[in-house]
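Biologist: I would like to learn how to read a structure such as this one, feature by feature. Could we look at it together?

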Amino acid sequence: MKDVITILELIAFLLQAVSALGYQQEDITVHRYRQKIYLLEADIQRGAELKGALAQDSVFGFETIGALARRNKAVAAANGMFFDDLGSPAGLLCEGGRWIRISSIGTPCLVIDDQTPSIQELQVKAFWQAGEEGEAVHAFNIGAFHGLSNVFTSDYGRTNRVFRPQVTYRIVQNRVADRYITDMPVDTGDGFLLTFLLPEDSRTEELDWQELPSYIPIFLPGRELTLSFQVSDSMGREIFPENVYQTGGWLVKEGVAAAKEQEEFIGYTTSLQPRTAVGVSEKGKLLLIVADGRQKGVAEGLTGKWLAEVMQKYGAVEAAYLDGGASTMLWLGNGLINCPAYSDALNGKEIAHALLFSRKRYQKNGE
């Protein structure tokens with residue numbers, strides 16, 4: 001046990017030594033229940049780096065947090081966004097200024113804008129434009145819907161996964177590279193796909209480009225076609241965020257505890273469970289808290305309202321839920337630091353998305 005404590009202290013020292021990252025673990029009591037709290041503090045403006053990692057580098061799939069952390073050479077990692085049974089993250093997702101998924105679930109997002117973290121509610125819209133023609137993109141890496149514009153990038157997979165009659169354009173370097181009338185999935189290739197569904201009884205082998213429904217635009221190869229994005233913050237101002245990760249709901253808002261007993265997206269929050277939360281301090285530092293649970297007399301777990309209290313205790317003026325339960329995990333160095341409520345304590349549970357922390361590498365001589 002002494003050796004384990006020594007290792008943890010060494011990890012904490014190494015993180016604090018780079019000043020941008022700090023770690024601490026505390027045993028605390030919340031409403032007479034014992035808890036184990038793990039806190040990771042990241043100062044992005046002083047050189048800490050945050051990025052997300054998708055399992056299998058796709059919006060579908062699963063990997064253990066150990067695999068995600070090692071593959072991306074992260075100093076620290078924690079479970080991130082909520083996800084469905086297909087391993088698909090729920091909500092808005094942007095990485096390095098590149099939009100991966102646009103599908104709001106009505107909850108706030110962790111936003112990194114100009115190296116400044118915040119938790120806020122965003123409005124995001126995508127548009128395609130070809131000369132004077134153009135319209136809103138209705139589905140961005142979330143599937144295909146009849147009568148609407150659907151966009152797919154390689155983050156969705158090698159194809160658009162559409163097994164029904166469709167018209168699809170492949171756009172490479174803002175030009176129409178190929179076009180298809182088909183009832184089979186189309187490869188995404190190096191660019192993106194713009195897909196319009198045809199009526200299900202369409203015989204694609206008998207259709208030509210002059211017989212398409214009026215809602216489907218006709219583009220010749222070589223036609224310029226661009227995508228644009230419009231992102232508004234909670235004040236209605238246009239912003240250009242570097243990273244966006246949708247959360248499960250508010251815990252602390254404008255310095256006030258905002259947790260509810262029932263959240264529209266994640267449901268009831270009144271049971272004692274392992275929890276993960278992300279927050280921002282008054283000085284602009286990013287706070288990530290992992291709380292163990294389901295360990296009687298050692299780490300009982302938290303309700304949503306208790307989690308809000310804990311976030312405030314550690315200085316969060318804004319905070320929101322990340323995925324929790326058996327997904328609650330914190331990875332440091334080369335292993336899990338907490339005791340997850342999952343059978344594989346070595347690599348942890350397979351998840352769809354993780355938040356990775358490291359220190360930015362600065363090149364010499366301005367190169």
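Biologist: How many bridges join strand 14 to strand 15, and do they run parallel or antiparallel?

Modeller: This is a predicted model, in which local features need pLDDT of at least 70 and side-chain atom pairs count only at pLDDT 80 or more, while totals for chains, interfaces and linings use all residues. Residues are numbered from 1 along each chain as its sequence is written, and side-chain values use heavy atoms, with hydrogens and water left out. In general, strands of a sheet pair through backbone hydrogen bonds, either parallel or antiparallel. Here strand 14 (residues 166–172) and strand 15 run antiparallel and are joined by seven bridges, with I171 opposite V176 in strand 15. Strands (E, at least two residues) and helices (H or I, at least four) are DSSP runs numbered from the N terminus, and two strands pair if DSSP finds at least two bridges between them.

Biologist: In what order do the five strands of the open sheet lie, and which stand at the edges?

Modeller: The order is 12-13-16-14-15, with mixed pairing. Strand 12 (139–140) and strand 15 (175–182) stand at the edges with a single partner strand each, so one side of each is left without a neighbour in the sheet.

Biologist: Why is strand 24 described as largely enclosed by the rest of the structure?

Modeller: In a regular strand the side chains alternate between the two faces of the sheet. In strand 24 (residues 286–291), six of the six residues are buried, so the strand is largely enclosed by the rest of the structure; buried means under 20% relative accessible area, exposed over 50% and partly exposed in between, with a 1.4 Å probe and protein chains only. L286, L288 and V290 point one way, whereas L287, I289 and A291 point the other way.

Biologist: Which strands pair with strand 24?

Modeller: Strand 2 (residues 33–42) pairs with strand 24 in the antiparallel sense over six bridges, and I37 stands opposite A291. Strand 23 (residues 275–281) also pairs with strand 24 in the antiparallel sense over six bridges, and these two form a hairpin with four residues between them, where G284 in the turn has a positive phi of about 85 degrees.

Biologist: Which residues touch the most other members of the largest nonpolar core?

Modeller: A nonpolar core is a set of buried Ala, Val, Leu, Ile, Met, Phe, Trp, Tyr and Cys residues joined through side-chain atoms within 4.5 Å. Of the 40 residues in the largest one, L110, L288, L330 and F357 touch the most other members. A second, separate core of 31 residues includes C94, C109, V137 and V176.
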